[in-house]
Amino acid sequence: MVCVHCRSDTQVINSRLQKKANQVWRRRKCGTCGAIFSSREVAQYELVWLVRSNKALQPFNRDKLLLSIYASCQHRPSALSDASALTETVINKLLFNATAGVLEAPAIAQTVQVALNRFDKAASVHYQAFHRK
Ligand SMILES: [Zn+2]
């Protein structure tokens, strides 16, 4: 990865596996300007997961998940960061639900429902109203 300031080569000076989030965090240092920044390695779930909804399969879409959660968090002053964190939580749970790379749409909705219920009852009620079968 190149430096975010001067685009020179960087070196990894620290690295940590974040097991719960299934990510690798790396601290990088630029060999030219000395800038230090972090990077994250995350699986491209969009390319490996399919979602089954009414028998049709479509690629998993993180943005779609984020927007559906965000829609239910809009009453919160920190709606965007809350929705973003909740999306990560849901994806981490979905890791255990994917069978041969296929997720059932109702299982995703159920996972979101559980996460929202623990986080914000109003958001949970809103989500349920929009995603009830
Ligand atoms: Zn640099």
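**Close-up 1. Helices H3 and H4 lie oblique to each other in this predicted model.** Here H3 covers residues 79–94 and H4 covers residues 105–119. Their axes sit 10 Å apart and the two helices pack at an angle of about 130°. If you are wondering about the hand of the H3 and H4 crossing, it is right-handed. From the H3 side, Leu86, Thr89, Val90, Lys93 and Leu94 take part in the contact. They meet Ile108, Thr111, Val112, Ala115, Leu116 and Phe119 of H4. Sorted by type, the residues where H3 meets H4 are eight nonpolar, two polar and one charged.

**Close-up 2. Helix H2 is oblique to H3.** The axes of H2 and H3 come within 8 Å, crossing at roughly 130°. That makes this pair oblique, and the crossing of H2 and H3 is right-handed. H2 brings Arg62, Leu65, Leu66, Ile69, Tyr70 and Cys73 to the contact. Facing them in H3 you will find Ala79, Leu80, Asp82, Ala83, Ser84, Leu86, Thr87 and Val90. By type, the contact of H2 with H3 is made of 10 nonpolar, two polar and two charged residues.

**Close-up 3. The largest nonpolar core has 17 residues.** Which of its residues touch the most other members? They are Ile69, Leu86, Val90, Val112 and Leu116.

**Close-up 4. Ile69 of H2 meets residues of H3.** Leaving aside residues up to four places away in sequence, Ile69 touches Ala83, Leu86, Thr87 and Val112.

**Close-up 5. Gln23 sits in strand S2, which spans residues 23–30.** Is this residue buried, exposed or partly exposed? Gln23 has 15 other C-beta atoms within 10 Å, so it is partly exposed. Not counting residues up to four places away in sequence, Gln23 touches Gln18, Arg40, Glu41 and Val42. To place Gln23 relative to Leu50, note that the two are 27 residues apart in sequence and 20 Å apart in space, C-alpha to C-alpha.

Methods. Residues are numbered from 1 along each chain as its sequence is written. This is a predicted model: local features need pLDDT of at least 70, side-chain atom pairs count only at pLDDT 80 or more; totals for chains, interfaces and linings use all residues. Axes are lines fitted to C-alpha atoms, for helices over the stretch in contact, and angles run from 0 to 180 degrees between N-to-C directions. Helices (H or I, at least four residues) and strands (E, at least two) are DSSP runs, numbered from the N terminus. Angles under 35 degrees count as roughly parallel, over 145 as roughly antiparallel, 65 to 115 as roughly perpendicular and the rest as oblique. A crossing is left-handed if the near helix is turned anticlockwise from the far one by less than a right angle, and right-handed if clockwise. Two residues are in contact if their C-beta atoms, placed from the backbone, lie within 7 Å. Ala, Val, Leu, Ile, Met, Phe, Trp, Tyr, Cys and Pro count as nonpolar, Asp, Glu, Lys and Arg as charged, and the others, Gly among them, as polar. A nonpolar core is a set of buried Ala, Val, Leu, Ile, Met, Phe, Trp, Tyr and Cys residues joined through C-beta atoms within 7 Å. A residue is buried if 20 or more other C-beta atoms lie within 10 Å of its own, exposed if 12 or fewer, and partly exposed in between; C-beta atoms are placed from the backbone.
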